[in-house]
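Me: I would like to learn how to read helix packing and cavities in a model. Please take me through one case.

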Amino acid sequence: MSESERSLNFLEHIIEEDLKNGFPKDQLRFRFPPEPNGYLHVGHASSICLNFGLGLRYNAPVNLRFDDTNPAKEEQEYVDAIKRDVEWLGYEWSTERYASDYFQQLYDWAVFLIKEGKAYVDSQTSEEMATQKGSPTEPGVESPFRDRSVAENLDLFEGMKSGDFEEGKHVLRAKIDMSSSNMLMRDPIMYRVLHKEHHRTNTDWCIYPMYDWTHGESDYIEQVSHSLCTLEFAMHRELYDWFLDQVVKDEKVRPKQREFARRNLSHTVVSKRKLLRLVEEGVVNGWDDPRMPTISGLRRRGFTPESIRNFADTIGIAKRENLIDVSLLEFQVRDHLNKVAPRVMGVLNPLRVVITNYPEGEEEWLDAENNPEDDLAGSRQVPFSREIYIEKEDFREEANKKFFRLKLGKEVRLKNAYIIKAESCTKDENGNIIEVQCTYDPKSKSGSGTEESLRKVKGTLHWVSIEHAIEAEVRLYDRLFTDESPDTHKDKDFMEFINPDSLQVVTGYLEPSLKNAQIEDRVQFQRLGYFCVDPDTSPEKLVFNRTVGLRDSWAKIQQKS
C-alpha cells in the first residue's frame, strides 16, 4: 500500500472503490447542505472542509444547498451568514441551491406515490401517531386512515396544499412497514401543514416537506454522487434509499449516503438549539460573540481560516464520535499566527516606571522587528521616553532567584530598548506600588553593537512609552464553560456550567503603530498573547479581542497522554 493510500480516510476509500468499480470520475459531485436555522459552528467546519476538500481532491463540483424546509425557524440572516462563513474559510461552491427550489417536484413525486398506493393522508393527532408507532421491541399499529382510497388521499392532499386545513389536522405519510425493526420506516411523515411565511417562497405553500423526504430527493435532483452525513443519520439511510427507490431512473446517478462521526469540542456546546438559548438569554452578545463556537464567533475572536482548516485536517474523519480538546484548536491558531502576526507591544495592567537618569522632555524612536518568523515582515519604529508602563506583575520589591523580571536592585532589558535597574518604588496609602524609579544604561541600547548592549541579563520586559501610548478597550476572553462537556450531565442543565469569568474587559495601553489598525487585523502583544481588532472599533476607540494566550497547553496534554 502506498503512502497516499494509507493517508486516505474511510470516505475517500469508498469513493476510490466506486471509481475502481467503474463509476465515472466526471460524475462525482458533492454538497454541503446546511439548514438556515442558525449560524454555522466549528462542527460544521469539519463537514465544510470534508465536502469541499473532496471537491478539490477529485476536481469535482460541490453545491451549497440550503435545506430550507421549516419556515418556522429559518431566516435570510442565516443564509447570508452561512455563505459568508463558507467563503471566509476559503471555499467556492459550484452552484447555490435551495431545497425550496424543488418544492414543486417534491410535491409532484408525492402525488405519484399516492397514486401508486405508497403514501396516504393521516388524520390522527400527533399523540395518537406516536402511540401507534410502537417501540423498538414492539411493532407499530397501522393507522385507521392507512387504507384511504387514492382519490380521497389526492383530494385531501390538494386541500392541504391549498391551505384548507389548520396545522396538525392532516399529514402525508409514506406507506412502508409498521412492523419494521427500524422505527423510521414505520410510515414516516412526508408533509405537514404549516401556515408560515417562507423566506424565499413567501406564502406560496401551506405544506412543507419533512427532511427525510427532501434530503435524498434533493441529492438526486442535483445528481450528487456521495451524500456525506453525520452519524445520527445512519439509521435514516434505509429510508433515504427507500425514497430514492421510488423515483430513480437507471440512466441517472443514484446518490449514495454514507456517515461520519461528529467531533464535539470541549468546554462548549455545538447544538444550534443550545447556542440559540445562549443568545436569547443574553449569556453572550449574539451569534458572533467571540466566546461562541460559531465560525463567525471564531472569526471575530481572531481565528484564521487556515487554523480552522488545519484543525479539521488534524482531527480527521472517523466512524466514532469523540470529544476534541479545545486546546488543539487553540494550538492550531497559535501555530498559524506565530508565522503571520506582527509583534507589537501593549500593557494591560500598567505600572508606571520613571527612568530617573533619562533626560526630561527627550524621546527617541527605536527599531523593532515585526516578526522574527517572517523575513519579509520588516521592522517599525517605537518611541521611548523617560516614563513608561510595564505590567504590574513584572515588578516585585523582593523575589526569589527564579523571578527573572524586575525587582529592587536588579536589572532587566526593555525589549528593543535599554537595560534598566530598579532603584526604589512608591506606594499609595494602602501599600500598593504605584511607581518604580529606575536608572538606565545609556550604552546598552539593543542592536547598537556596544559591549554594554551585549551584556546578558536574564529578563526581558515589554513596555510602552506613556506619552505616546494609545488607549484601547481590550476584551480578555476565556472558555465559556467551566466543564469540558457541559451538556452531557443528565441531572444538570448545561447553563449551570457557564464560566462567570469568560470575559474580562480592561483598558490597554498600546504602542502608537496600532493607531490605524483595521478590523480583523491580528497581532501578537508580546509576552501576552494574540489579539484581533474587533468590529466595535471606531475612529474614536480601538477594541481588541484576545484570541489565545501564548501558552501552549495542548502540548502538555499530549505529553500526559
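Me: In which hand of crossing does H8 pass H9?

Reply: First, the ground rules. This is a predicted model, where local features need pLDDT of at least 70, side-chain atom pairs count only at pLDDT 80 or more, and totals for chains, interfaces and linings use all residues. Residues are numbered from 1 along each chain as its sequence is written, and side-chain values use heavy atoms, with hydrogens and water left out. A crossing is right-handed if the near helix is turned clockwise from the far one by less than a right angle, and left-handed if anticlockwise. The crossing of H8 and H9 is right-handed.

Me: Which residues of H8 and H9 make the contact?

Reply: Contact means heavy atoms within 4.5 Å. H8 contributes Asp-212, Trp-213, His-215, Gly-216, Glu-217, Asp-219 and Tyr-220, and H9 contributes Leu-239, Tyr-240, Phe-243, Leu-244 and Val-247.

Me: At what angle do helix H8 and helix H9 pack, and how far apart are their axes?

Reply: Two packed helices are described by the angle between their axes and the distance between the axes. Here H8 (residues 211-222) and H9 (residues 237-247) pack at about 55°, with axes 9 Å apart. That makes H8 oblique to H9 (angles under 35 degrees are roughly parallel, over 145 roughly antiparallel, 65 to 115 roughly perpendicular, the rest oblique).

Me: Which helix gives the most to the lining of the largest cavity?

Reply: A cavity is a set of points on a 1 Å grid where a 1.4 Å probe fits but cannot get out, and lining residues have an atom within 4 Å of a point. H13 gives the most, with 3 residues.

Technical notes:
Axes fitted to C-alpha atoms, helices over the stretch in contact; angles between N-to-C directions. Helix = DSSP H or I, 4+ residues; strand = E, 2+ residues; numbered from the N terminus.
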